[in-house]
Amino acid sequence: MLKKVDDYIFEVPMGHQKGMRVPGRIFISEKLLEQVEPGTIDQVANVATLPGIVNYSMAMPDAHLGYGFPIGGVAAFREDGGVISPGGVGFDINCGVRMLRTDLRADDVAPMISNLVEDLFTAVPSGVGAKGRLRVSEHELDEAFTRGAAWAVEAGFGVPEDLEHCEENGRLEGAETDHISLKARKRGRPQLGTLGSGNHFLEIQRVDRIFDERLAEQFGIFEGQVTVMIHCGSRGAGHQICTDHLQVLSGAVKKYGMELPDKQLACAPLGTPEAENYFGAMAAAANYAWANRQIISAWTREVFERYFDNAELDLVYDVAHNVAKVEEHSVDGSKERLYVHRKGATRAFGPGRPEIPAAYREVGQPVLIPGSMGTPSYVLCGSEGAMRLTFGSACHGAGRIMSRTQAKKTYAGTEVKDELTRRGIKVMATSPKMLAEEAPEVYKPSDEVVDVVHHLDIARKVARVVPMGVSKG
Amino acid sequence: MEPFEYLEHTADVKFRARGRSPEEAFENAALAMMTAMIDPSTVRLEEAWPVEIEAEGLENLLYEWLSEVLYLFEVELAVFSKFEVKLDEGEDGWRLSGRIGGERVDPERHLFETEVKAVTLHQFEIRKEEREGGEEIWTAQVVLDV
């Protein structure tokens with residue numbers, strides 16, 4: 001059914017699904033492919049039917065079953081004749097990851113790990129329906145929507161240097177608040193500065209392995225160093241913005257006479273009011289997420305300073321892994337402006353791209369791959385293969401292989417916590433039940449996923465970090 | 001007739017809710033969504049929230065209804081265990097008048113299983129099936145993003 005193109009590239013041929021405009025390509029090893037469900041491959045094929053899609057409908061090695069696009073899906077659309085689809089972004093708009101590097105060593109931090117995690121758990125509200133410590137005004141909410149992390153820094157959360165180390169400088173151009181509903185605003189206001197739940201986390205980590213000394217030095221990372229990783233997104237504001245626009249775009253599918261294999265792929269032709277309104281609101285949600293991660297970083301720094309005088313926590317980088325963006329890519333030898341959708345995929349621009357901060361431009365951007373709870377996370381460096389093969393995109397995580405229902409039948413939350421404690425990892429969570437569905441075993445091993453992108457030169461392995469303590473929803 | 005059943009889905013929650021009328025299918029779909037988050041037997045009926053929705057088609061109406069329940073859960077910080085729905089079909093489409101019963105979240109008593117982020121349109125459908133003996137059964141199939 002799939003055609004092997006290369007050791008790590010498999011093609012979903014034309015004809016797998018009626019109406020495919022381009023073939024699909026899954027970047028994966030044979031071993032990992034065995035765990036990919038047929039439904040995921042069908043979803044890759046479904047995306048290939050969307051108008052204006054360029055080259056291939058792609059999936060990364062962490063691909064798994066989603067709704068609409070597969071998780072790990074990447075697709076780029078021509079400005080002329082293409083579409084934009086909320087199904088290619090997801091409900092958690094700009095769910096993403098940032099990593100802070102400290103000037104502390106794991107040996108010095110280990111004795112304080114319980115205090116740090118307990119304080120972080122209090123300082124950064126998490127869990128279902130969590131409300132933040134902030135009480136932002138309607139005006140401040142508008143600022144978060146339109147100016148993202150830049151607003152957060154001006155409001156006292158962090159330093160200007162943080163902005164340069166965010167994808168898009170923490171502010172996606174083109175954000176509009178005109179098509180954000182009152183409901184989205186009501187959900188967004190109390191939740192700014194909250195982590196959320198599910199697979200979102202705030203983790204204190206130790207760099208346990210360096211794969212590439214030169215790149216690690218460029219990113220300011222060394223063995224034995226303590227780092228902090230923040231994984232969260234745009235919270236209820238993003239969920240509501242996607243929900244609202246999904247309904248509008250479902251109407252647009254009829255209006256513009258499109259036929260889609262899945263209702264969640266609802267989309268609108270670029271340039272139409274429906275597409276522009278969604279893009280403006282989606283960009284605003286992306287900015288809200290960057291403001292959110294910026295605020296959480298500031299509170300994380302405050303907690304570290306309680307225990308370590310003058311502790312320095314510099315931002316390595318901040319990446320978005322659920323987003324649609326306008327980017328310039330080479331197509332058949334000429335430069336084109338494309339709407340690149342990444343649904344559970346990370347931008348992985350290689351050396352020289354102007355979007356990369358000056359400090360990293362000559363080597364490529366940092367690509368942050370969070371592990372599942374209790375498993376290693378990876379720092380990679382975007383490379384040439386990504387520019388050639390995947391519109392500058394890499395995987396975003398480990399990829400789920402066991403359903404939540406199954407996970408709960410197999411593991412109890414308390415057991416998961418005990419096991420992590422035995423391994424020396426301090427865990428705080430609002431709901432012990434939710435730990436079971438995030439048990440490490442329900443995900444693919446992240447090292448195998450990362451090895452695929454390394455072999456394809458999409459992103460090079462720089463460092464591996466392991467958890468010391470984690471705060472979860 | 002089981003009011004609802006959960007189906008296997010690797011990353012998200014998928015369910016099929018049933019009813020002898022579209023109203024009952026709507027009510028059971030909301031209950032299935034809530035049950036994915038929390039055991040409804042832990043929810044006391046202390047307050048009620050009214051819901052009024054209009055939509056072009058029955059499918060849009062179901063999507064908006066479930067999304068409204070999620071919205072109320074989040075902004076009211078309330079959990080629900082009782083759903084009452086009345087549907088009317090007019091010239092311009094459908095109208096839903098409903099009441100949702102429950103209480104404000106009490107972190108001591110309400111232990112969440114998972115957080116539902118949103119209702120997706122993936123494989124979303126509501127349809128009528130005729131059973132033997134001419135009994136009508138309405139089925140709503142929904143995938144939730146969690």
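A crossing of two helices is left-handed if the near helix is turned anticlockwise from the far one by less than a right angle, and right-handed if clockwise. The model is predicted: local features need pLDDT of at least 70, side-chain atom pairs count only at pLDDT 80 or more, and totals for chains, interfaces and linings use all residues. Residues are numbered from 1 along each chain as its sequence is written, while chains are lettered from A and ligands numbered from 1 in the order in which they are written.

**View 1. Helix H4(A) passes H10(A) in a right-handed crossing.** Helices (H or I, at least four residues) and strands (E, at least two) are DSSP runs, numbered from the N terminus. H4 of chain A spans residues 113-123; its axis lies 10 Å from that of H10(A), at an angle of about 145 degrees. Axes are lines fitted to C-alpha atoms, for helices over the stretch in contact, and angles run from 0 to 180 degrees between N-to-C directions. On the H4(A) side, the contact uses A:Asn115, A:Leu116, A:Asp119, A:Leu120 and A:Ala123. H10(A) brings A:Trp299, A:Thr300, A:Glu302, A:Val303, A:Arg306 and A:Tyr307. Two residues are in contact if their C-beta atoms, placed from the backbone, lie within 7 Å. By class, the residues of this contact are 6 nonpolar, 2 polar and 3 charged. Ala, Val, Leu, Ile, Met, Phe, Trp, Tyr, Cys and Pro count as nonpolar, Asp, Glu, Lys and Arg as charged, and the others, Gly among them, as polar.

**View 2. The largest nonpolar core has 212 residues.** Such a core is a set of buried Ala, Val, Leu, Ile, Met, Phe, Trp, Tyr and Cys residues joined through C-beta atoms within 7 Å. A residue is buried if 20 or more other C-beta atoms lie within 10 Å of its own, exposed if 12 or fewer, and partly exposed in between; C-beta atoms are placed from the backbone. A:Met282, A:Leu380, A:Ala394, B:Ala29 and B:Leu66 have the most contacts inside the core. Helix H10(A), residues 273-307, gives the largest share of this core, 17 residues. Beyond its neighbours within four places in sequence, A:Met282 touches A:Val89, A:Ile93, A:Ile241 and A:Ala324.

**View 3. Strand E4(A) pairs with E3(A) and E5(A).** Two strands pair if DSSP finds at least two bridges between them. E4(A), residues 57-67, has 11 of its 11 residues buried. Its pairing with E3(A), residues 24-27, is parallel, over 3 bridges. There, A:Gly24 stands opposite A:Ser57. E5(A), residues 69-78, runs antiparallel to E4(A), joined by 4 bridges. A:His64 has A:Ile71 as its bridge partner. In the hairpin of E4(A) and E5(A), 1 residue lies between the strands, and A:Gly68 takes a positive phi near 85 degrees.

**View 4. Helix H2(A) is largely enclosed by the rest of the structure, because 7 of its 10 residues are buried.** Among the buried residues are A:Ile41, A:Val44 and A:Val47. Their cover includes E2, E3, E4 and E5 of chain A.

**View 5. Three strands of chain B form an open antiparallel sheet in the order E3-E5-E4.** E3(B) and E4(B) stand at the edges with a single partner strand each, so one side of each is left without a neighbour in the sheet. E3(B) pairs with E5(B) over 9 bridges. B:Glu52 stands opposite B:Ser97 in E5(B). H2(B) packs on the sheet, touching E3, E4 and E5 of chain B.
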